[in-house]
Each structure stands twice: as structure tokens, then as C-alpha cells.
Amino acid sequence: MTRYDCLQALSKLYEYLDGELPPDDTEAVRHHMEVCQGCYPFLQFCSSFQDALHRAAHGQTDAPPALRSRIADLLQTEGAPPAH
Ligand SMILES: [Zn+2]
């Protein structure tokens with residue numbers, strides 16, 4: 001079974017939340033989030049953003065990409081993945 005470390009799991013998080021990952025990768029991310037206490041709160045955080053994005057997408061189709069890149073910036077500056 002594929003195992004991800006924190007960086008791999010976090011780098012796939014958006015695709016995971018979007019349901020765009022192949023089954024093996026989906027399982028690997030899900031498993032990491034179950035066992036890693038450092039990443040799990042991050043998943044919750046991103047998941048609530050994802051909910052907001054999906055809601056926004058219903059009204060403003062041009063808003064989500066901008067929001068996504070803002071969130072990506074946030075993740076790069078503040079979302080230092082927990083070290084193993
Ligand atoms: Zn982790």
C-alpha cells in the first residue's frame with residue numbers, strides 16, 4: 001500500500017478534496033490524515049475552505065480560482081507541514 005509522508009499528503013490535499021486523485025492516491029492521503037495528528041487539523045481547515053469554494057462557485061464562477069490561488073499562497077507562507 002502506498003504511504004505518503006506529510007509533504008506528499010499535503011501536496012495532494014486539494015486534488016484529494018476535489019476527488020481528482022486516482023483511488024490509490026486517495027487512499028494514501030486518507031490514510032495519512034487518519035494517522036497523522038499534525039496533518040489532520042489541516043485537512044479540516046482545507047475542507048471547510050473547499051466547502052466555501054463550492055458554495056461560491058454556484059454564484060460566481062470566476063471567484064473560486066482567485067480564492068484558490070490566495071489559499072495556495074496562504075498554505076505556502078503559513079502552512080509549513082509538520083516535520084516527521
Ligand atoms: Zn502528516
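**Working through the chain**

Reply: Ala52 lies in helix α4, which covers residues 40–59. Helices here are DSSP runs of H or I with at least four residues, strands are runs of E with at least two, and both are numbered from the N terminus. This is a predicted model, in which local features need pLDDT of at least 70, side-chain atom pairs count only at pLDDT 80 or more, and totals for chains, interfaces and linings use all residues. Residues are numbered from 1 along each chain as its sequence is written.

Me: Is Ala52 exposed, partly exposed or buried, and why?

Reply: Ala52 is partly exposed, because 13 other C-beta atoms lie within 10 Å. A residue is called buried with 20 or more other C-beta atoms within 10 Å of its own, exposed with 12 or fewer, and partly exposed in between, with C-beta atoms placed from the backbone.

Me: Where is Leu67 relative to Ala52?

Reply: Their C-alpha atoms are separated by 9.9 Å, and the two residues are 15 apart along the chain.

Me: Stepping back, how many helices and strands are there?

Reply: The protein chain has 5 helices and 0 strands. Read from the N terminus, the order of elements is α-α-α-α-α. Of the 84 residues in the chain, 14% are buried.

Me: Which residues make up the largest nonpolar core?

Reply: That core has 11 residues: Tyr4, Ala9, Leu10, Leu13, Tyr16, Ala28, Val29, Met33, Cys36, Cys39 and Leu43. Two or more of its residues come from each of α1 (6–11), α2 (13–18) and α3 (23–35). Helix α3 provides the largest share, 3 residues. A nonpolar core means a set of buried Ala, Val, Leu, Ile, Met, Phe, Trp, Tyr and Cys residues joined through C-beta atoms within 7 Å.

Me: What does Leu13 touch, apart from its neighbours within four places in sequence?

Reply: Leu13 is in contact with Val29, Leu43 and Cys46. Contact means that the C-beta atoms of two residues, placed from the backbone, lie within 7 Å.

Me: Back to α3: which of its residues are buried?

Reply: The buried residues of α3 are Ala28, Val29, His32 and Met33. They cover an arc of only 130° around the axis, so they sit on the same side of α3. The arc is taken from the directions from the helix axis to the C-beta atoms. On the face turned away from that buried side, α3 carries the exposed residues Pro23, Asp24, Glu34 and Val35.

Me: Where does Lys12 lie, and what is it in contact with beyond four places in sequence?

Reply: Lys12 lies in the loop between α1 and α2. With neighbours within four places in sequence left aside, Lys12 is in contact with Leu21, Asp25 and Val29. Lys12 is partly exposed, because 18 other C-beta atoms lie within 10 Å. Its C-alpha atom is 8.3 Å from that of Asp25, a residue 13 places away in sequence.
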